[in-house]
Amino acid sequence: MHTEADFRKIAKELLEHYGRLTTKEIVKLISENITFDKDDLKPNPLRKGKNFVNGEPYVYQRIRNIALRCKRGNKKVYEEGFLIDRTNRGTYWIVTEGLSNKESIPNISVLNEKRKKYENRNKSKKNVRKIDWSNINEKNTYIGARGEEFVFEKEKETVKSFSTDSLSKVIHSSIVDGDGLGYDVLSINKRGESIYIEVKTTSGDEKTPFYMSVNERNFLLNTRNAFLYRVYNFDASTLHGNIKKYKGNQLEKVFIFDPVSFKVTKK
């Protein structure tokens, strides 16, 4: 679990680049730059919403608490090298670059100019770094497999609730028949009809992008009773996460399909 002290250090690193950020921007940038663990992602049932059905993860409140420790109308300096300014409308995190409480705050226009330069430079900058694709693929494969297992067990519970005699009809198809059918789990509905389930799993939230093959997409769009089970906020070690279900033929109304690779054949 990440503590407030951890987030203060990360905030200082971000502010060294941006100069000045709102609390909302700080939360977004921290979320994009570090990986939250299962304790971070534990949901707060008191803060439910459209994006957090079971409750917003406690980690977001932990980050906001850093700013909320500064009362409205005041400023608070943190030893890490930044301050919280709540003297005007809004809440701002501002780098102090080692200034003491008695020294003046850097000019806001200077900070905003520094921020713009950094953002513009990053837009045109090409970051070249070695990516361990084998490790990434291995991790994604593991999370995907565990996500399928999670859905398979959930489907057995669902079918058991209306027909214990039909449990044998719930099949982990990608294991039994191989990956390539266009779906991962075969199940049935209350009418006794077969339903075809493709599972897509991420440890991140519901908005985290995921990958789908042409075969999977075509099967979902063109097959009756085909569904996408979107598993998110998933902990592969405990088989715990959230599931949102989508009808296969409705996917293009909900998701954007971006081509990210090419099939290359020698002429």
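Modeller: Two strands pair if DSSP finds at least two bridges between them. Helices (H or I, at least four residues) and strands (E, at least two) are DSSP runs numbered from the N terminus. On that basis, β1-β6-β5-β4 is the order of an open sheet of 4 strands with antiparallel pairing. This is a predicted model, in which local features need pLDDT of at least 70 and side-chain atom pairs count only at pLDDT 80 or more, while totals for chains, interfaces and linings use all residues. Residues are numbered from 1 along each chain as its sequence is written, and side-chain values use heavy atoms, with hydrogens and water left out.

Colleague: Why are β1 and β4 placed at the edges of that sheet?

Modeller: β1 (20–22) and β4 each have a single partner strand, so one side of each has no neighbour in the sheet. On average, neighbouring strands here are turned by 20° against each other, direction ignored.

Colleague: What makes β1 and β6 a pair?

Modeller: They are joined by 3 bridges and run antiparallel; the rule asks for at least two, so they pair. Arg 20 stands opposite Ile 94 in β6.

Colleague: How do you know that β5 pairs with β4 and with β6?

Modeller: There are 4 bridges between β4 and β5, which run antiparallel. β5 and β6 (residues 92–95) also pair in the antiparallel sense, over 4 bridges. Tyr 78 stands opposite Phe 82 in β5, and Leu 83 stands opposite Ile 94 in β6.

Colleague: Which glycines in the two hairpins have a positive phi?

Modeller: In the hairpin of β4 and β5, with 3 residues between the strands, Gly 81 takes a positive phi near 115°. The hairpin of β5 and β6 has 6 residues between its strands, and Gly 90 in the turn has a positive phi of about 95°.

Colleague: Why is Glu 80 called buried?

Modeller: Glu 80 has 19% relative accessibility and therefore counts as buried. Buried means under 20% relative accessible area, exposed means over 50%, and partly exposed lies in between (1.4 Å probe, protein chains only). Glu 80 belongs to the loop between β4 (75–78) and β5 (82–85). Apart from neighbours within four places in sequence, Glu 80 is in contact (heavy atoms within 4.5 Å) with Arg 8, Lys 9 and Lys 12.

Colleague: What makes β5 a strand covered on both faces?

Modeller: Phe 82 and Ile 84 on one side of β5 are buried, and so are Leu 83 and Asp 85 on the other. Helix α1 (residues 4–18) lies across β1, β4, β5 and β6, and runs at about 75° to β6. Axes are lines fitted to C-alpha atoms, for helices over the stretch in contact, and angles run from 0 to 180 degrees between N-to-C directions.

Colleague: Why is helix α3 described as largely enclosed?

Modeller: Of the 11 residues of α3 (residues 58–68), 8 are buried, so the rest of the structure largely encloses the helix. Among them are Tyr 60, Arg 62, Arg 64 and Ile 66. The buried residues of α3 pack against α1, α2 (23–33), β3 (56–57), β4, β5 and β6.

Colleague: Why is the pair of Phe 210 and Phe 255 called edge-to-face?

Modeller: Rings of Phe, Tyr and Trp (its six-membered ring) pair if their centres lie within 6.5 Å; planes under 30 degrees apart count as stacked, over 60 as edge-to-face and the rest as tilted. The count by this rule is 8 aromatic pairs. For Phe 210 and Phe 255 the centres are 5.6 Å apart and the planes at 80°, so the pair is edge-to-face. The two residues are 45 residues apart, with Phe 210 in the loop between β8 (194–201) and α7 (214–222) and Phe 255 in the segment after α8 (251–254).

Colleague: How do you know that Lys 76 sits over the ring of Tyr 78?

Modeller: The rule asks for NZ of Lys or CZ of Arg within 6 Å of the ring centre and within 35 degrees of the ring normal. The charged end of Lys 76 sits over the Tyr 78 ring, 5.1 Å from its centre. Tyr 78 also forms one aromatic cluster with Phe 82 and Trp 93.

Colleague: Which stretches have pLDDT under 50?

Modeller: pLDDT is the predictor's confidence in each residue, from 0 to 100. The protein averages 82, and 80% of the residues score at least 70. pLDDT stays under 50 over residues 98–106 and over residues 125–129, the latter with 0 contacts beyond four places in sequence. Where pLDDT is low, the predicted coordinates should not be read in detail.
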